Amino acid sequence: MTMPSDSHTTGRDPRHDVLFEPVQIGPVTARNRFYQVPHCTGFGVEKPWTQAAFRGTKAEGGWAVVSTEYCSISAESDESPYVSARLWDDEDAAALRLMTDEAHRHGALAAVELWHGGSHAEQRESRLPPLAPSQIANEHVGVLVPKAMTIADIERTQEDWVRAAVRARDAGFDIVYVYGAHTYLPTQFLSPRTNHRTDRYGGSFANRARFWLETIERVKAAIGDRCAIAVRIAADTLEGAGVEPDEGIAFVRLADPHVDLWDVTAGGLAGIERVDSGPSRFFPEGHQRQLTGWIRAATKKPVVGTGRYTDPDRMAADVASGVIDMIGAARPSIADPFLPRKIEEGRYGDVRECIGCNACYSRSIWGRHLGCTQNATAGEEHRRGWHPERFTPVADTDRDVLVVGAGPAGLECAIVLARRGFRRVHLVTADGDVGGSLRWIPKLPGLGEWGRLVDWRKGQLAALRRQVEVHTRSALTAEDVLAYGAQIVVLATGSRWAADGTNGLTSGPLPGVEHVRSLTPEQLMVNGAMIEPGEAVTVLDCEGYFVGPGIAERLALGGCQTTLMTPYSPVAPWCDQTLEGPRLRARLAAVGVVVAEGRMPADAREVVADVVVLATQRLSNDALGLELAGRATAWAAAGLDLVVSAGDCVAPRLIADAIFDGHRVGREIDAGDPSRALPYRRERPLVG
Ligand code: SF4
């Protein structure tokens, strides 16, 4: 038995009706304009049930099209340890059949993004040589030097593409891609930067276009009667001397008769030219419109455009303007698989808007398992059985639950507990407002959209106000907790930055820190407003993510002479996992932050500054939990059945993981000991 989420239905604004018009795509029809474009997950065909449940949930949530991630056509396109889907053989097809069945069960079309990586395919599993139009080393991995494709290689690759397309059709896919964006093999042929051939596949534009065009024609001839043919193309690879807009548009005109849908992106695969999946720190919603909008002039076929769309007004305006026909989305569909359904029903306040942090990207590449900061259920649909909108009711709704701490984990846990039916949830924080660290993090430069994490949860709490009481400015001692009268206590007391500079490089406090003036990030960012620390400030960042650089940028913008010292080189390596790194480093230079990278002081007195900001590591606020554990014999007399900790007070972690843990504890509060996560279903080859 499940419970529907509480909604505040207002009825859809008629201006958004255009988003729910069907769209003809070659031989198939999409029920509306919401198109989940291909995006990575870490699932591929290795976790077929997870893949099916993940995409199927989006189909249930109203997306008209749900796509796989990039899907390799043969062992000659192997980009492991990155996880692609594969259609190398019939077993791969059987694995993806689970996904197409789920999509169809919920009325959506299923798309597969057939792919050949060319010189980007590192071939670490297959150990075959990478293939490319010319023998030019990979620009990101210098040891990767491809074989220049012979005519026989070209012929075989096109045959592989057709074979994979036929398998895709037989596996139930409705839309089949001949994917060439992100500088993969078809673009490597099209681009004069990577194609130096002198035969009929190189030289003139017509020759460079030949490989991609022939492949499209052959796939169309093989399956075009049943499946729509989609092409994902970068309108401009932004590399300089790559595929320029004039040749991009010329290619669209050339191939248009054989193509049923254009999925338009921009930029390259990595580095500063990567603009697709642009983080909100640098790219506003709809940012790709400028780069891709002109492709409309080259085709009357449906055009899909992306840009982290979550605002239905903007979606409707861009459709009405004719620039795009379908709202392409990867991240917004992860953050809220039910986004179309909520807009359709006018439940605008329930839309869980993507914050553009790219934690999903960092978790889905290199063989990891996708997760999302906003949506704790993303990737957990199959293995944990979590649905984003439905919750299993608890048997006894009449117990009082006290949640101590209203940061990311506490907020999430309180909402889940209420959704599960608890009638009296008490969410208590010592702060003046809910949000914990998220009261100041969105005030760092470029991170304003991260405030959506708290905004959405505040909206949900307002809808659940009959079940959840929120108490601010209420610091609770262990005595207070025991006297509260709750039967269940969830501690979500968060973490703090180490005031003594504790870090993993000195494996302890930073020597000499007591002799310098120092502040932690939260001491600097009081209630979101930065205090004036002094003229010359050094930020010591040992975490390598957003806080140290964010504080440094904010200080520099405020007029401080700011140095960012970090043992890492380059600065903020974790931001390379989220596609923020290259632009972040350029931004620090632009605002005048002096970067001292690859440096770790042996003693804090070596740092010459008015004040040192210590962003070295965080420590759990676990004192309350330890004290309550020490008084376990008093629980029964206080009527207390369970005390469990969630989030950073267990171990400081990424916001996505703190929210996940709060969600998990809420889902498992009645499952024995919720401090121990229930085992989840694993997908692995059967032996014997
Ligand atoms: Fe959006 Fe961040 Fe979730 Fe990715 S992880 S979908 S960027 S909120």
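A residue counts as near a molecule or strand if one of its heavy atoms lies within 4 Å of it. With that in mind, I'll start with the ligand.

This is a predicted model, so to speak of local features we need pLDDT of at least 70, side-chain atom pairs count only at pLDDT 80 or more, and totals for chains, interfaces and linings use all residues. Residues are numbered from 1 along each chain as its sequence is written, and side-chain values use heavy atoms, with hydrogens and water left out.

The ligand is surrounded by 13 residues, and the closest are C354, C357, N358, C360 and C372. Two elements give two or more residues to this shell: helix 9 (331–335) and helix 11 (359–364). Helices here are DSSP runs of H or I with at least four residues, strands are runs of E with at least two, and both are numbered from the N terminus. Helix 9 contributes the most, three residues.

The space the ligand takes is the second largest cavity. A cavity, on a 1 Å grid over the protein atoms alone, is a set of points where a 1.4 Å probe fits but cannot get out. A molecule sits in one if more than half of its atoms lie within 2 Å of its grid points.

Five strands form an open sheet in the order 16-15-14-17-27, with parallel pairing; two strands pair if DSSP finds at least two bridges between them. Strand 16 and strand 27 (642–645) are the edge strands, each pairing on one side only.

Let me stay with strand 15, residues 424–428. Is it buried or exposed? Four of its five residues are buried, where buried means under 20% relative accessible area with a 1.4 Å probe and protein chains only.

On one side, strand 15 pairs in the parallel sense with strand 14 (residues 400–404) over five bridges. There, H426 of strand 15 stands opposite L402. The chain gets from strand 14 to strand 15 through helix 12 (residues 408–419), in a right-handed β-α-β crossover. Right-handed means that, with the strands pointing away from the viewer, the path from the first strand over the helix to the second runs clockwise.

Strand 15 also pairs in the parallel sense with strand 16 (residues 468–471), over four bridges. H426 has E469 as its bridge partner in strand 16, and L427 stands opposite V470.

Notes. Buried means under 20% relative accessible area, exposed over 50%, partly exposed in between (1.4 Å probe, protein chains only). On a 1 Å grid over the protein atoms alone, a cavity is a set of points where a 1.4 Å probe fits but cannot get out, and a pocket is an open set with protein on both sides within 12 Å along at least five of seven lines; lining residues have an atom within 4 Å of a point.
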